[in-house]
Amino acid sequence: KNGIGVSSISKHTIERANERNVSRQDIANALENPLNIRDVVVDDSGRKSQRFIGANATVNINPDTVNVITVWKTGSATKKKYLKGED
């Protein structure tokens, strides 16, 4: 949605998606039609990530490598918040 393309999906993402029952369609929808896109953050190890919050899945992607790094189901409170247009 913001111009970042996906080059790969990490093994960790595939494992978490299977564990958490997150479908490929939910991941694609979060990236293509997000309810919210968070700013890029850098963790203590210097790794960047950006969060795409979708209606059914939340996806973290590394904006430098364009690698999807993890996913989980979007919680109902988070979904409700962004559907109402709150930041």
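User: By class, what's in the lining of the largest pocket?
Analyst: Five nonpolar, three polar and one charged residues. Nonpolar here is Ala, Val, Leu, Ile, Met, Phe, Trp, Tyr, Cys and Pro, charged is Asp, Glu, Lys and Arg, and the others, Gly among them, are polar. Heads-up: this is a predicted model, where local features need pLDDT of at least 70 and side-chain atom pairs 80 or more, while totals for chains, interfaces and linings use all residues. Numbering runs from 1 along each chain as its sequence is written, and side-chain values use heavy atoms, with hydrogens and water left out.

User: Which residues line that largest pocket?
Analyst: Ile 9, Thr 13, Ile 14, Ala 17, Asn 18, Val 22, Ser 23, Arg 24 and Ile 27. Two or more of the lining residues come from each of helix 1 (11-20) and helix 2 (24-32). Helix 1 gives the most, with four residues. Helices (H or I, at least four residues) and strands (E, at least two) are DSSP runs numbered from the N terminus.

User: What volume does the largest pocket have?
Analyst: About 200 Å³. A pocket is an open set of points on a 1 Å grid over the protein atoms alone where a 1.4 Å probe fits, with protein on both sides within 12 Å along at least five of seven lines; lining residues have an atom within 4 Å of a point.

User: OK, switching topic. Which residues make up the largest nonpolar core?
Analyst: Eleven residues: Ala 17, Val 22, Ile 27, Ala 30, Leu 31, Phe 52, Ala 57, Val 59, Ile 61, Val 68 and Val 71. A core joins buried Ala, Val, Leu, Ile, Met, Phe, Trp, Tyr and Cys through side-chain atoms within 4.5 Å; buried is under 20% relative accessible area, exposed over 50%, partly exposed in between (1.4 Å probe, protein chains only).

User: What is Ala 57 in contact with, leaving aside neighbours within four places in sequence?
Analyst: Val 22, Asp 26, Ile 27, Ala 30, Phe 52, Trp 72, Lys 73 and Thr 74. Contact means heavy atoms within 4.5 Å.

User: How many salt bridges in the whole structure?
Analyst: Six, each a side-chain nitrogen of Lys or Arg within 4 Å of a carboxyl oxygen of Asp or Glu. One of them pairs Asp 26 with Lys 73 at 3.9 Å, N to O. That pair links distant parts of the chain, helix 2 and strand 6, 47 residues apart.

User: Is Asp 26 buried or exposed?
Analyst: Buried, at 17% relative accessible area.

User: What other salt bridge stands out for you, say at Asp 43?
Analyst: Asp 43 meets Arg 47 at 2.7 Å, N to O. Asp 43 is partly exposed at 30%, while Arg 47 is exposed at 54%. Elsewhere, shared partners join Lys 11, Glu 15, Arg 16 and Glu 19 into one salt-bridge network. Within that group, Glu 15 and Lys 11 meet at 4.0 Å, N to O. They're four residues apart in helix 1, so about one helical turn separates them.

User: And the backbone? What's phi of Asn 21?
Analyst: Near 55 degrees, a positive value in a residue other than glycine. Asn 21 is in the loop between helix 1 and helix 2, and it's exposed at 59%. Val 66 also has a positive phi, near 50 degrees, in the loop between strand 5 and strand 6.

How values were computed
Points joined across faces, edges and corners; volume = space filled by probe spheres on them.
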